[in-house]
Amino acid sequence: IFGDTADTGLIVDVESSKAISEGLSKVIDDTDMRRRMQLNAIKRSALLRSVTCDGQMGRNLCDAPLTPSQQVQALMDLTLSPVSPRENAYEGHGELHWLNAMKFICSLMVVMIHTDFFWRAEFMPINRVAVPFFLMVSGFFLPGAGAVLTMEKAWRVFIHILKVTVGLQILYFFFKLFLFLSGAISSCPAIGLSPKFILLTIFEGDLYAAQTWYLNSYLIALAMIYIFLRYRCEKVVYWLVLPGLALNMICGDYYWGPPDTMPGYLIRNFLFTSLPFIAIGMWIRRHASLIPRWTASLTAMLLCVPFLYIESYMVGYETGDLYLMSIPVAVLFFMTALKAPDSAAPRWLASAGRNLSAGIFYYHYLFVILSDDILNLGDWSFLVVGSCSIALAAAVRELQKHIKLPKLNIRKNG
């Protein structure tokens, strides 16, 4: 990140990198694990920037090249500067308790979207904030150390989500097939090899379970981010935010055509939903210092909520999942969770969000199928489905602690 390197596109040469590593190693106490973690983050950030930056950043930061000793001193100052627990949490070295707690709440909000309960219509506008919240969380933690997004990190996350997506599709297919063969449901789960069926399975994603569209769209968005990184045009991700959200409105709740005539994959897809909110999360991560105090974010969010309900009653709920006011409410909700004081967060709620939120999202639709197609629980559906989803997520979590499954390593060539 030092010096003018317009000709080569590299920020730190090999000799300077060695000098930086040697100089930094002297300022770290072997018994201080926290400082060692900070050192590793700074090293990775410096080396990654030396490969990914284009030289313009170097010219902006410093008019004249620095010697290796000056670079060492500058990074020593960075290492010795105090690092707050919240910054450590951003780098993956700690926890954001309120963020974890809100993950648990939002996982139950997703269950509420797919079930019936008393006063469902009154809760539906605010429940739609859950999916944008999860996407912003994913985008916030997608960059690595120093808020640097690399192809390697995008690839690792892509492979992880790919395995989860395929596993859930298989699980729900065989679950529905079992119910069909046992006579519990009348429709057999569809399967086919035609190009149309394959494309709908990939882009629509909710063939066997309603919530899996999220994973498919997230997967495609990760693939796009990887391609943008590969061709050094990452800024395109941010340029697509406003057009994507605008098209979401036009094809969704502001669609002027007959109700239920707009295909679902034109609303819940990678371009209109996943990529915009992932990009917002990435932007907030890179500009975390600009996030206002949690009290300001919370106040602004509470002021926006009445307008969200006014909009929902004026527009109605016909086609889409996202109102115009859902966007600022979701963003302010996310920033409030980031900045809220962790000391006030209920630890049991934060622990539940950290350990159970993903499992609740993955498995709750198993009980939705049983509730809607077999038991007909009506307004008690949310209470039963929510409780069973929490229990199953906790059981799977506990089972994972005692069973070591072989890891599937998929390496990227080139």
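Predicted model: local features only at pLDDT ≥ 70, side-chain atom pairs only at ≥ 80, totals over all residues.
## Overall make-up

The chain has 18 helices and 0 strands. Of its 414 residues, 47% are buried. Looking at contacts between residues at least 6 apart in sequence, 79% join residues at least 24 apart.

Is Leu-308 buried or exposed? With a relative accessible area of 0%, Leu-308 is buried, because buried means under 20%.

Which residues is Leu-308 in contact with, once its neighbours within four places in sequence are left aside? They are Pro-125, Ile-126, Tyr-323, Met-325, Ser-326 and Val-329. Of these, Pro-125 and Ile-126 fall within the range of α7 (120-127). For Met-325, there is also a C-alpha distance to look at: Leu-308 and Met-325 are 17 residues apart along the chain, and 5.0 Å separates their C-alpha atoms.

## Helices α8 and α14

Now for a pair of packed helices. Two packed helices are described by the angle between their axes and the distance between the axes. For helix α8 (residues 130-140) and helix α14 (residues 270-286), the axes come within 7 Å and cross at roughly 50°. That angle makes α8 oblique to α14. The crossing of the two is right-handed.

On the α8 side, the contact is made by Pro-132, Leu-135, Met-136, Gly-139 and Phe-140. Helix α14 brings Thr-273, Ser-274, Phe-277, Ile-278, Ile-280, Gly-281, Met-282, Ile-284 and Arg-285. Sorted by class, the residues of this contact are 9 nonpolar, 4 polar and 1 charged.

## Helices α9 and α17

A second pair is formed by helix α9 (residues 151-181) and helix α17 (residues 347-375), which pack at an angle of about 20° with their axes 10 Å apart.

By class, the contact has 13 nonpolar, 1 polar and 1 charged residues.

## Ser-357, a serine within α17

Helix α17 also holds Ser-357. Its relative accessibility is 5%, so Ser-357 counts as buried. What does the side chain of Ser-357 reach? At 2.6 Å, the side chain reaches the backbone oxygen of Gly-353.

Not counting residues up to four places away in sequence, Ser-357 touches Lys-103, Phe-104, Ser-107 and Ala-352. Lys-103, Phe-104 and Ser-107 lie in the residue range of α6 (97-113).

## Cys-388 and Ser-389 in α18

Next come two neighbours in sequence with unlike surroundings. Ser-389 is in helix α18 (residues 381-402), and Cys-388 is in that helix too. Ser-389 is buried, with a relative accessible area of 0%, whereas Cys-388 counts as partly exposed at 29%.

Beyond residues up to four places away in sequence, Ser-389 touches Ile-360, His-364 and Phe-367. Cys-388, for its part, is 25 residues from Tyr-363 in sequence and 9.3 Å from it in space, C-alpha to C-alpha.

## Two loop residues with positive phi

Finally, two loop residues are worth a look in the viewer. Trp-119 sits in the loop between α6 (97-113) and α7 (120-127). Its phi is near 60°, a positive value in a residue other than glycine. Trp-119 is exposed, with a relative accessible area of 64%.

Where is Arg-232? Arg-232 is in the loop between α11 (212-230) and α12 (235-239). Although Arg-232 is not a glycine, its phi is positive, at about 55°. Its relative accessibility is 63%, and Arg-232 therefore counts as exposed.

Terms used. Residues numbered from 1 in each chain as written. Heavy atoms only, no water. Axes fitted to C-alpha atoms, helices over the stretch in contact; angles between N-to-C directions. Helix = DSSP H or I, 4+ residues; strand = E, 2+ residues; numbered from the N terminus. Parallel < 35°, antiparallel > 145°, perpendicular 65-115°, else oblique. Left-handed = near helix turned anticlockwise from the far one by under 90°. Contact = heavy atoms within 4.5 Å. Nonpolar A, V, L, I, M, F, W, Y, C, P; charged D, E, K, R; others polar. Buried < 20%, exposed > 50% of the residue type's maximum accessible area, 1.4 Å probe, protein only. Polar contact = N/O pair within 3.5 Å; in protein donor to acceptor, adjacent residues only side chain to side chain.
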